[in-house]
Amino acid sequence: MAEPHVADSHDLIRVHGARENNLKDVSVDIPKRRLTVFTGVSGSGKSSLVFDTVAAESQRLINETYSAFVQGFMPTLARPEVDVLEGLTTAIIVDQQRMGADPRSTVGTATDANAMLRILFSRLGTPHIGSPKAFSFNVPSISGAGAVTVERGGRTVKERRSFSITGGMCPRCEGRGSVSDIDLTQLYDDTKSLAEGAILIPGWKPDSWWTVGVYANSGFLDPDKPIRRYTKKELQDFLHREPTKVKVNGVNLTYEGLIPKLQKSMLSKDKDALQPHIRAFVERAVTFTACPECEGTRLSAAARSSKIGKISIADACAMQISDLADWVRGLDEPSVAPLLTALQQVLDSFVEIGLGYLSLDRSSGTLSGGEAQRVKMIRHLGSSLTDTTYVFDEPTTGLHPHDISRMNDLLLRLRDKGNTVLVVEHKPQTIAIADHVVDLGPGAGAAGGSVCFEGSVAGLRGSGTVTGRHLADRTSLREAVRTPTGKLAIRGADTHNLRNVDVDVPLGVLTVVTGVAGSGKSSLIHGSLPSEEGVVYVDQGAIKGSRRSNPATYTGLLDPIRKAFAKANDVKPALFSANSEGACPTCNGAGVVYTDLAMMAGVASTCEDCEGRRYDASVLEYRLGGRDISEVLAMSVTEAEEFFGAGEAKLPAAHRILERLADVGLGYLSLGQPLTTLSGGERQRLKLATHMGDKGGVYVLDEPTTGLHLADVEQLLGLLDRLVDSGKSVIVIEHHLAVMAHADWIIDLGPGAGHDGGRVVFEGTPAALVAARSTLTGEHLADYVTG
């Protein structure tokens, strides 16, 4: 028999001595052209191994093949902490990073579908209105004329030139689809004068000369006259006057109308980045309504007037994608045949991946993490590439058990084309189809980072690891359900695909809202729940924070700690902030010194002066309970809970926050760990812990099991029970069967997705749903409970 060719011997990706984040010298051999699933509790090191080691090095090596000039324009990547990485292939990463929430970004612009539709309408639309730009809501119509100077044959010649660009942007809303209206009653009380404190904006006190004082002493307004008695000119000056230089008490200042001043100071900023009380004010004062000129389509009248048959590009983008695919299939035009074929493939990919219920004009910021990930997958589905490595981060996020089998088929199809598929996953249904499993653990954070098991799924089941033990977990239905204490009435809900839904959400119990992806769960809860005070939303939005942010700063834990240190040592609290006066002067409180090497990866070296502690040496002499501030930030949540719970350092305010962090299963996190190093599941639980201190009586959780290992779900259920038992109402949007089985009340939406959904198909107890087996959820839950 002939010797195998040497080229066929490279059938493994070999990782030896990986030390990224919490990995402890991990060595694994990953088979190529197979489906490998990485499991382990949240924070055990799965993402560090798959994304930060294998995928990161593959991308870095590809970037190195470009010239130094091109590399200068690309993100620079450092080589991961690993001894040996062999057998790598090109990596395509499909992660759960939320898509940009730019107001002009839609599902259509985020994929190639909009670009193709624009070309299609510019070729076939009647009347013909121009190039594809004429159908783009991101391109404004502009024109201009003037003289230009041209050098010709040693002579300078002046010529007159004119130009015009026809764009598709609606001039009123500038392609955003909505216009903002300011509710003046929220800005000022017109029965009072400026001197009596008429302005209601947070932080604008009657005696603050740099805000209210400028208006009162500008000379334009009478400070003692109630606003409702202002003349037309005074009201115009008060609300809309352009910036004007004025002298107040001998100081030169700029006077500007209230509305433009607000636009610059508060309304132009990212709402999520504002302080809570200012965000609440902005939400009260600014109302967004569909643009009256383009009716929310974002497009100019000309772009809407050009049609193929009776359909304009606005109609096409508003259609459900599965319907749009049928419409495109019906177009028979040989002159644009290649374009129609390509567009057809993209739209069919949407349907195949289970996103046929979306429309192309849906804003990309409104997609859930799972939907965003599947939109990113679309460009890879029809790809002819083989022998590449596809890396997925929990591709089943946001999927109903009914939809998971479809996602499994896609993963297997990618593998069968000869690709290596690496999947980070917790769901048993997806682990079951793996050719190879790598289980990391045994714990999270410092207690994880080792390979507990490597082999087949059958081997994992009998391995005795945390994942192996929990793989066959079944939760029984709750013995006795709690009695509701009241109800939240939703009437006539019609957001997105909801069909005039009337439903009562019980209070004082654990309610689970479920249904297949796209059935209208988020629309019902986020879009239709009465916006009363006391409703706390914990969604899947990314945590905002730089590498200077950590659990202590994000949760507000550092404030009482700084004050306690300051009080004990009789100094200023600002000394104990690494972002303020106490920072090490060499590294500015970052703990590391960054050296930028242009197109080469930047180098981060531990600061020699503070040895990575981030504080000036003089600050570290101050102690509380025998520890300095850097030692406190190096503690884990569990250690800190003990430290601030009793003795000299007893600090009830800090202890309460630490208890909440321990409650959500983050006892292993160190207080000073940068937020950028946390996994997705850890970030969501950190957000949950922060909101648990809010005063609200109703908690709305959006898929809290995202990124949670089977073993962690039990802890989450205990936490939800404690919240309900303490008198809160908990509403959970969830697909996880264990959470459904644990509920007191279930609201099931469906029966399908998009225009096949949007109705309540069941409301009642989990036991009644299992007994009826009348919906897809009921069937899966019955199999789960009895299985």
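The place of P442 is in the loop between β16 (436–441) and β17 (450–455), where helices (H or I, at least four residues) and strands (E, at least two) are DSSP runs, numbered from the N terminus. The peptide bond that joins G441 and P442 is cis, with omega at about -5°. A cis peptide bond also leads from G750 to P751, with omega near 0°, and P751 is found in the loop between β26 (745–750) and β27 (759–764). The structure described here is a predicted model, in which local features need pLDDT of at least 70 and side-chain atom pairs count only at pLDDT 80 or more, whereas totals for chains, interfaces and linings use all residues. Residues are numbered from 1 along each chain as its sequence is written, and side-chain values use heavy atoms, with hydrogens and water left out.

Backbone geometry was also examined at residues with a positive phi. Most residues other than glycine have a negative phi, and most peptide bonds are trans. D25, although not a glycine, has a positive phi of about 50°; D25 lies in the loop between β1 (12–18) and β2 (26–31) and, at 48% relative accessibility, counts as partly exposed. In this classification, buried means under 20% relative accessible area, exposed over 50%, and partly exposed in between, computed with a 1.4 Å probe on protein chains only. E394, which is likewise not a glycine, has a positive phi of about 45° and is found in the loop between β14 and α14 (401–416), but E394 is buried, with a relative accessible area of 11%.

The strand β14 (residues 389–393) pairs with β15 in the parallel sense over five bridges, two strands being taken as paired if DSSP finds at least two bridges between them. Within this pairing, V391 stands opposite L422 in β15. Strand β3 (residues 35–39) also runs parallel to β15, to which four bridges join it, and F38 has V424 of β15 as its bridge partner. Strand β15 (residues 420–424) is itself mostly covered, since five of its five residues are buried. T420, L422 and V424 point one way from β15, V421 and V423 point the other way, and all are buried.

At the level of domains, whose bounds come from an automatic or database domain assignment, the protein is divided into domain 1 (6–98 + 368–471), domain 2 (178–290), domain 3 (473–543 + 691–786) and domain 4 (551–677). The centres of domain 2 and domain 3, taken over C-alpha atoms, are separated by 42 Å. In helix α8 (residues 276–285), the residues I278, F281, V282 and A285 are buried. These four cover an arc of only 100° around the axis, which puts them on the same side of α8, the arc being that of the directions from the helix axis to the C-beta atoms.

A nonpolar core is a set of buried Ala, Val, Leu, Ile, Met, Phe, Trp, Tyr and Cys residues joined through side-chain atoms within 4.5 Å. The largest such core has 69 residues, and those with the most contacts inside it are I561, I629, F644 and L671. Helix α25 (residues 710–725) gives the most to this core, with seven residues. Because domain 3 (473–543 + 691–786) and domain 4 (551–677) both give residues to this core, it lies between them. A second, separate core of 68 residues includes F135, L355, I433 and V437.

Contacts, defined by heavy atoms within 4.5 Å, were listed for individual residues. Leaving aside neighbours within four places in sequence, F644 is in contact with I561, L624, V632, A649, K650, L651, A654, H655 and L658. M740, found in helix α26 (residues 737–742), counts as buried at 0% relative accessibility. Not counting residues up to four places away in sequence, M740 touches V512, T514, E734, H735, I746, P766, T777 and L781. Although M740 and T514 are 226 residues apart along the chain, their C-alpha atoms are separated by 8.2 Å.

A search of the whole structure finds zero disulfides, a disulfide being a pair of cysteine sulfur atoms within 2.5 Å. For C294, the closest cysteine sulfur, in C291, is 3.7 Å away, too far for a bond. C610 is in no disulfide either, the nearest cysteine sulfur, that of C607, being 3.7 Å away. C294 counts as buried at 0% relative accessibility, and C610 counts as buried at 4%.
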